[in-house]
Amino acid sequence: MSTSQETTTDSIATTENPQTQQNQDAATTEANILTIEEIHKLLPHRYPFALVDRIIEYVPGEKAVGMKNVTFNEPHFQGHFPGRPIMPGVLIIEALAQVGGIIFAQMPDIQEGLFVFAAMDKVRFRRPVVPGDQLILTTELLSIKSGRFAKMRGIAEVDGQKVAEGDLMFSMMD
């Protein structure tokens, strides 16, 4: 038994460099994760309209991936629909827009101000989102014009299945 422990210890010692690289990669990834407190520093949304619980991936100026835990105690489930709670599609799209807002809030070349959700195009809903689901919200910056207008592609998924997708347009408010 002590021989196998020695062998295991030797194996760990010989793979120290790849492990060090993995730790550095993990630290880089963790640096791009935002908690709810950090999200609140970047976005103006608050309860009951803050629809992003965490940013789990972020590529500056390109892409953000957020997470929303859908719970039964959210206020919209009281009336949408009694006995069969379904998250309203407009809130799924708003959650995607809020994840998109994370990209704008951290772009250095954008003037100070409030980017607002201005339009949506090619939006499709694929299946209902219900309490207990965890939405994974991915937005990718497609274009930005004059530092005042932007277009993003958003995809919302639950358990790896697409639940909604569409193009989102944003405008800087004066």
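Q: What kind of model is it?
A: This is a predicted model, where local features need pLDDT of at least 70, side-chain atom pairs count only at pLDDT 80 or more, and totals for chains, interfaces and linings use all residues. Residues are numbered from 1 along each chain as its sequence is written, and side-chain values use heavy atoms, with hydrogens and water left out.

Q: OK, how many helices and strands?
A: Four helices and six strands, taken as DSSP runs numbered from the N terminus (helices H or I, at least four residues; strands E, at least two).

Q: And in what pattern along the sequence?
A: It reads α-α-α-β-β-α-β-β-β-β.

Q: How much of the chain is buried?
A: 33% of the 174 residues, with buried meaning under 20% relative accessible area (1.4 Å probe, protein chains only).

Q: Which residues have the most contacts inside the largest nonpolar core?
A: Ile55, Met87, Phe104, Val129, Leu135, Ala156 and Phe170, in a core of 38 residues. A core here is a set of buried Ala, Val, Leu, Ile, Met, Phe, Trp, Tyr and Cys residues joined through side-chain atoms within 4.5 Å.

Q: Which elements supply at least two residues each?
A: Strand S1 (54–59), helix H4 (89–105) and strands S3 (114–125), S4 (134–145), S5 (149–158) and S6 (161–173). The largest share, 10 residues, comes from H4.

Q: Back to Ile55: what is it in contact with?
A: Leaving aside neighbours within four places in sequence, Ile55 is in contact with Asn32, Ile33, Leu34, Ile39, Val65, Gly66, Val99 and Ile102. Contact means heavy atoms within 4.5 Å.

Q: New topic: how many aromatic pairs are there in the whole structure?
A: Three. Rings of Phe, Tyr and Trp (its six-membered ring) pair if their centres lie within 6.5 Å; planes under 30 degrees apart are stacked, over 60 edge-to-face, and the rest tilted.

Q: Why is the pair Phe104 and Phe115 called stacked?
A: Because the ring centres are 4.2 Å apart and the planes sit at 15°. Phe104 is in helix H4 and Phe115 in strand S3, 11 residues apart, and both are buried.

Q: What about Phe104 and Phe170?
A: That pair is edge-to-face, 5.1 Å centre to centre with 65° between the planes. Phe170 lies in strand S6, so the pair ties H4 to a part 66 residues apart in sequence.

Q: Which residues do the ring pairs link into a cluster?
A: Phe104, Phe115, Phe117 and Phe170.

Note on methods: Buried means under 20% relative accessible area, exposed over 50%, partly exposed in between (1.4 Å probe, protein chains only).
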